[in-house]
Amino acid sequence: MAPDPWFSTYDSTCQIAQEIAEKIQQRNQYERKGEKTPKLTVTIRALLQNLKEKIALLKDLLLRAVSTHQITQLEGDRRQNLLDDLVTRERLLLASFKNEGAEPDLIRSSLMREEAKREVPNPWLFEEPEETRGLGFDEIRQQQQKIIQEQDAGLDALSSIISRQKQMGQEIGNELDEQNEIIDDLANLVENTDEKLHTETRRVNMVDRKSASCGMIMVILLLLVAIVVVAVWPTN
């Protein structure tokens, strides 16, 4: 398996920091003897610039690895702690270069302890989940990619369900619109039928009144005929 580029860069950065500490100590020894050290000062300044660029690169690599899920959050925190310690060493070296801080030999020994500490198993690893314990970098990345793919598949399925529900809602809405149109048609039909019923009822009432009038006329005519017959009927 190919070495992790972050740790490769970290190792080379630690070597630069250690070299700076040694150069600063050498410069201080020359200055105590009254010797001038212009070339050594230029070299140290160039190494400090290189150290600064390397730390910036480490920050960028770490951010990219965490944001793209190439490493776990636990591993990201561990690397951030190593990077923070390295930034502190850079500040101490810069202060020592300006004769404002600790002696370079103390800084160098601190760097060596930090390098040794990196080889010691991190106590945080005991809290690592069973799913990733004992796995290599590539295996963890593949596992994370699988999880992301499963999440994407779940989101696709959820999107499909939502689309079907939306389509069902639209179909139900269209059916309700059709039912409302049918109800409106029935209401208009009932209203028209009611008007026709009232019209026919009025006609029946008029016929009843006319029939009653005709009956009275017939009765009167019959009475008149009876009176006439009685009047002209000969009496003995």
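# Exercises on side-chain contacts and surface patches

L221 is placed in helix α5. This is a predicted model, in which local features need pLDDT of at least 70 and side-chain atom pairs count only at pLDDT 80 or more, while totals for chains, interfaces and linings use all residues. Residues are numbered from 1 along each chain as its sequence is written, and side-chain values use heavy atoms, with hydrogens and water left out.

## Exercise 1: the nonpolar patch

Task: find the nonpolar surface patch that holds L221 and state its accessible area.

Solution. 
- Step 1. Patch residues have over 30% relative accessible area and no salt bridge; like charges are joined within 9 Å, nonpolar side chains (Val, Leu, Ile, Met, Phe, Trp, Tyr) within 5 Å. Areas come from the Shrake-Rupley method with a 1.4 Å probe; for residues, only the protein chains shown count as cover.
- Step 2. Check L221. Its relative accessible area is 44%, so L221 is partly exposed. The classes are buried (under 20%), exposed (over 50%) and partly exposed in between, with a 1.4 Å probe and protein chains only.
- Step 3. List the members. I217, M218, I220, L221, L224 and I227 form the patch, with about 590 Å² of accessible area together.

## Exercise 2: the charged patch

Solution. 
- Step 1. Helices (H or I, at least four residues) and strands (E, at least two) are DSSP runs, numbered from the N terminus.

## Exercise 3: the aromatic cluster

Task: classify the ring pairs of W6 with F7 and with Y10.

Solution. 
- Step 1. Set the cut-offs. Rings of Phe, Tyr and Trp (its six-membered ring) pair if their centres lie within 6.5 Å; planes under 30 degrees apart are stacked, over 60 edge-to-face, the rest tilted.
- Step 2. Count. There are 2 aromatic pairs in the structure.
- Step 3. Take W6 and F7. Centres 5.2 Å apart and planes at 90 degrees make this pair edge-to-face.
- Step 4. Take W6 and Y10. The centres are 5.5 Å apart and the planes at 10 degrees, so this pair is stacked. Both residues lie in helix α1 (residues 5-32), 4 residues apart, about one turn of the helix.
- Step 5. Ring pairs join W6, F7 and Y10 into a cluster. W6 is buried at 2% relative accessibility, and F7 is buried at 16%.

## Exercise 4: salt bridges

Task: examine salt bridges of R27, R64 and R79.

Solution. 
- Step 1. Define the contact. A side-chain nitrogen of Lys or Arg lies within 4 Å of a carboxyl oxygen of Asp or Glu. The structure holds 5 salt bridges.
- Step 2. R27 meets E31 at 3.8 Å, N to O. R27 is buried at 3%, whereas E31 is partly exposed at 38%.
- Step 3. R64 pairs with D60, with the closest N and O atoms 2.6 Å apart. The two are 4 residues apart in helix α2 (residues 38-67), about one helical turn. R64 is partly exposed at 45%, and D60 is partly exposed at 35%.
- Step 4. R79 meets E75 at 2.9 Å, N to O. Both are buried. Salt bridges link D4, E75, R78 and R79 in a network.
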